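Me: Hi! Could you walk me through this one? I'd like to start with overall shape.

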Amino acid sequence: MKTLGRNGNKWLWPALAYTCLTLIALLMIFPFLWMISTSFKSMEEAFRYPPNMFPEHWHFENYRLLTKTLPVGRFFVNSIKITSLNVIGVLLSCSMAAFALARLNFPGRTLLFAAALITLMIPWQTTLIPVFILFQKLGWKDSHYPLWVPAFFGGGFAVFFLRQFFLSVPRDLYEAALVDGLTPGGVLFRIYLPLAKPALTTLGVFTFITSWNDLLSPLIYIDTLEKMPLTAGLSFLQTQYSSNWPIMMAGAVVSIIPILVIFYISQKVFVEGIATSGLKG
Amino acid sequence: MARVSFSRNHASSPLARIERIWGWLLTLPFVLGLLFFSLGPISAAIGLAFFHWDNLTPPRFAGLANWQRLWGDELFWKALRNTLYYVAGSVPTGIVLSLALALLINLRLPAIQIFRTLYFTPVVTSTVAVALVWTWFYDSNYGILNYVIERLGRLLGIAWLRPIAWLNDPRTAMPAIIAMSVWKGLGYNMVIFLAALQNVPRELYEAAAIDGANRFRQFIHVTLPGISPVMFFVLVTSMIGAFQVFDQVYIMARDGRPANSTLTLVYYLYNHAFRYLDMGYACTIGMALFILIGAVTGIQIVLQRKWVHS
Amino acid sequence: MNTWFHVTALALAVGVVLSLSGCSDRSSEESPRGISRTTIRYSRWGLPEEIEAERQLIRSFEEKHPDIHVVLEFSSWGEYWNKLQAQMAAGTAPDVFLLNGGYSNDYAARGQLENLKPWVDRDTSLSLEQYFPQTVAIFQEGQALWALPRDCNTVAIYYNKTIFQKRGVPFPKPDWDWQDFLEKAKACTLDENNDGRPDIFGFNAGYDSMEVHWGYWVWQNNGEILNKSKTKCMLGEPNAVEALRFYSDLVVKHKVAPDVAQSSTFGSNMFLTGRVAMSPEGSWMIKAFKEAKSFEWAIAPLPKGKRKAAPVNGLGNAMYAKSKNKQAAWEFLKFLASREYQELLAKSGTSIPALREVAESAIYLDGTVEGKQFFLEQLTYAQPLDFTRNFAKIEEAIRGELEAVWLGRKAVEAAAKDAAQAVDKILAENAVSGANR
């Protein structure tokens, strides 16, 4: 913070930084802007060459049509339910497991860590049918359970992620707390979790996104249209032979906005971080 | 990974017992999940590599027949080469660029959070939508990219700056997909690095500054060691993810076109699993891929002891 | 500090309550009127806007059959087949489902489809003669019938009248031939800004689909894709090669058609947005093309080569072999093939109904689209693809070889011969596994 204007020129450095930031930002969001713009175009204009950045006539009916042909409100509620359960489940189950793998010494630790990695290495395409059969045997037909219950039992990616973050919290903290009489569980909940807020938030956001954007599982496990979450429900707009791009893009925009809002709000937490929370290195 | 510490000299010490109990307790849900949701399907997938299975009728034991077929299957080797090309092309570029972005948006400037959100948009945008937009960019006749290249070529009088067939040319199709994937994934690792950067205690920077280290030296001696566990995570998961690349190829280069130059292992596997009703062979490809990923990850785990600080 | 414990406890409680409450929410066995009803599941893919009409028809069916309750499982095209296979593997496929010719033989060979022949023979209220024979043929294998015909679509040339008029090119006549077609395609291709790249293509050649794009050109030239007994691929024969050369010349030599990547991305949208003068499209595209506002269009039959030929795309409704309610499923299958349901198809603009009297009535030929009758005319000589087991593999083997041709990277003859060789291998495997079963 204090060294920003270190070259004496208080304006040059920020000006340079912002130019750089803006150029990259354009590169990153150009396709997104194109999507928004297309979502307001007529079918014909969407394919015009050279393309218009701004629609000639703003076609709001793409959005209206979207809500007319599909129960978008229901989709939205389903998505909120499924994603929040996923976030809670993953954060809980994975922070416990990750802490144990990072700091506690117990038989089977290496095996468990290996197992967490192995689950990531098997392509889902090969386990789809066995998993489907398993869920059907559990009686989870046409229900939301397959979409969130597993989250409460951890996941390889999240466990690995948090383990790495817990490893970067100085070990002395753990040992000092034990000396002070805390149990390992107490250390996790009272010291590690508060310190790992940026990592937990990051993981929470990632879990939210993964679950929100999951296209495949809902389409496979759910039979009733009204039970679909948003992203999967909107994929019904894509058909075998032709796709109405403007409506598809309107659908994509609708499904992205909630994630961007969540991300924008939560980033305060990622950035405040451990360095300001009283850790003595 | 195993670290010797002050109290762990005897397995029977009270602390060792407490850690054992808590270790098992805290990992219990995860272990149950593994046993319940993962063990069955994963062992099924591994086992099926030794069976003929068409998804619909009972599996028939095949011994090593699938593996023999794999050995002689030219398309498998082609897909393997393409996959390795994809991994080599996308992982290092992705990591370097996302770390650079993370450093950039870690600056404490007003309104920086807006930039963070903007940089994150490609991650959340649906792959289908993104792939459509990029296919448009790459279009050999109407694409913006060729438009720019042609203009530049004419402007600067450079003869070799001519429109490229991108997705139509076996030489450029895979690089084009790699570029799109790197772009799409940047924000993801950027956020992970950002969180990691926050985890590096500021006191360490202050100490280094007092010792007279400049920005660059601080980065090398404080930042990199501080984020190394996370760097390890990013490296391992990016590799695992890249080896299993599917979505982009599925949408942008249906059927590995052109000339199978974008046919990846998981795409090839998918075709056998669901289109050709040949799940046994699909699982064989999956296991070959699993062995490959496992080996690469194993090497990374061994090597990390030399560079990851924990 | 204790908040974490609270959150944990709360979350677990929520989880438990939700799981418990969910366990008891499967009912729907009793009807509102208290009659005990048989529930059957019916699955299809389609456009979201078709759902409501489909549900209305189901209600109408349920009124006539108060003892049957039909649950509509509306699936997205993207995951329909994967899901169906997973359900079959788990033994929980829907009682009635939509099926195409490509998968029919594969599923039947693996015992997933109920043979409907005995049902048809037993039931006097249904006569297959009333349907287009091709759609029956698609699902017929020896003495077995694997699905009841639903629709009978074909492919014709949609042309943009506005472009033709602007370029002073006469509209296609019903008896036009390849030469005439090529001249029109050339005359309509237009490079407005002279940058060497056409802004409007004469013909929207597609390359992905044997059925919609290139297959019938082979037939028109007296060529074949597979021989009659489906034991040998005939693409390497001179007539087939000549047809493939004509088709690939459209893009490689005459440059009157978009390239492979462009065509695969934009597909039918090229026509819808006025960037091609002619496009080979299915009869199911009428509804989508009604969105075109800035130009006039009409339909012409496929041009004839040495003979007239056209493809048939027919979907059917199948019964799951392990269905527990076959009688109810049969009643519903009959309904889907009945006049009432077929009339809905006729009105939808997404299909030609398989029931001839509806297709040939004013309900389908409603006078809204110029040249719609050519579809029906083509159906007098149109033929389905040579569906056989492992058809997806066969298509893929051919597609890989021909792609090099469309890209101008491989000689037609060599590619066609290699494709034929690869397909012959698959057909030989089919013969062996057929003997084993």
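Me: What radius of gyration would a compact globule with 437 residues have, and what does chain C have?
Reply: This is a predicted model, so every value here is computed from it. A compact globule with 437 residues would have a radius of gyration near 22 Å, and chain C has 25 Å, which agrees.

Me: Nice. What does chain C span along its principal axes?
Reply: The C-alpha trace of chain C spans about 70 × 65 × 45 Å along those axes.

Me: And how much of chain C counts as buried?
Reply: Of its 437 residues, 50% count as buried.

Me: What is the secondary structure of chain C?
Reply: Chain C has 19 helices and 13 strands. Take the contacts in chain C between residues at least 6 apart in sequence: 73% of them join residues at least 24 apart.

Me: Switching topic: how many residues does the contact take from chain B and from chain C?
Reply: Chain B gives 20 residues and chain C gives 26 residues. On the chain B side, seven are nonpolar, seven are polar and six are charged.

Me: What about confidence in chain B?
Reply: The average pLDDT of chain B is 88, and 96% of the residues score at least 70.

Me: Where in chain B is confidence lowest, and where is it highest?
Reply: Helix α5 (residues 127-138) of chain B is lowest, at a mean of 79, while helix α2 (residues 65-71) of chain B is highest, at 96. Over residues 1-9 of chain B, though, the pLDDT is below 50. That stretch has four contacts in the model beyond near neighbours in sequence.

Me: How should I read low pLDDT?
Reply: Where pLDDT is low, the predicted coordinates should not be read in detail.

How values were computed. Residues are numbered from 1 along each chain as its sequence is written. Chains are lettered from A and ligands numbered from 1 in the order in which they are written. This is a predicted model: local features need pLDDT of at least 70, side-chain atom pairs count only at pLDDT 80 or more; totals for chains, interfaces and linings use all residues. Two residues are in contact if their C-beta atoms, placed from the backbone, lie within 7 Å. Ala, Val, Leu, Ile, Met, Phe, Trp, Tyr, Cys and Pro count as nonpolar, Asp, Glu, Lys and Arg as charged, and the others, Gly among them, as polar. pLDDT is the predictor's confidence in each residue, from 0 to 100. Helices (H or I, at least four residues) and strands (E, at least two) are DSSP runs, numbered from the N terminus. The radius of gyration is taken over C-alpha atoms; the globule rule is 2.2 Å times the number of residues to the power 0.38. A residue is buried if 20 or more other C-beta atoms lie within 10 Å of its own, exposed if 12 or fewer, and partly exposed in between; C-beta atoms are placed from the backbone.
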